[in-house]
Amino acid sequence: MLRLNLVLPSGRSESLAVDKLAKVADLKILAQNVFSKSNLTLVTVDGRALTNPLRLLQDERLQDGDFLAIVVQQVELAATRKAFASCG
């Protein structure tokens, strides 16, 4: 198991245990459930965004005890009478 510390900009943090062979997508889903946030990006302490959901966490060089920042992106919605669009 790999224990990772995830931190929101507000300072709220959670320590999560994931399998060493888990993928970025698995960690992202776990973070979304724990923090009740959607549309988030995981960022390492050296500033790398974990954007490829199919990469293994070990391939991203994450180690036990590492910290990851969670960047929550705001979803913007625009609508008219006949159409709507979502950005973000």
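Colleague: What does the accessible surface of the chain come to, and what share belongs to carbon and sulfur atoms?

Modeller: This is a predicted model, in which local features need pLDDT of at least 70 and side-chain atom pairs count only at pLDDT 80 or more, while totals for chains, interfaces and linings use all residues. Residues are numbered from 1 along each chain as its sequence is written, and side-chain values use heavy atoms, with hydrogens and water left out. By the Shrake-Rupley method with a 1.4 Å probe, where for residues only the protein chains shown count as cover, the accessible surface is about 5,900 Å², and the carbon and sulfur share is 53%.

Colleague: Is threonine 44 buried or exposed?

Modeller: Threonine 44 lies in strand 3, residues 40-44, strands being DSSP runs of E with at least two residues, numbered from the N terminus. Buried means under 20% relative accessible area, exposed over 50% and partly exposed in between, with a 1.4 Å probe and protein chains only. Because its relative accessibility is 8%, threonine 44 counts as buried.

Colleague: Which residue in strand 5 stands opposite threonine 41?

Modeller: Strand 3 pairs with strand 5 (residues 67-72) in the antiparallel sense over five bridges, where pairing requires that DSSP finds at least two bridges between the strands. Within strand 3, Thr41 and Val43 point one way, whereas Leu40, Leu42 and Thr44 point the other way. The residue in strand 5 opposite threonine 41 is valine 71.

Note on methods. Helix = DSSP H or I, 4+ residues; strand = E, 2+ residues; numbered from the N terminus.
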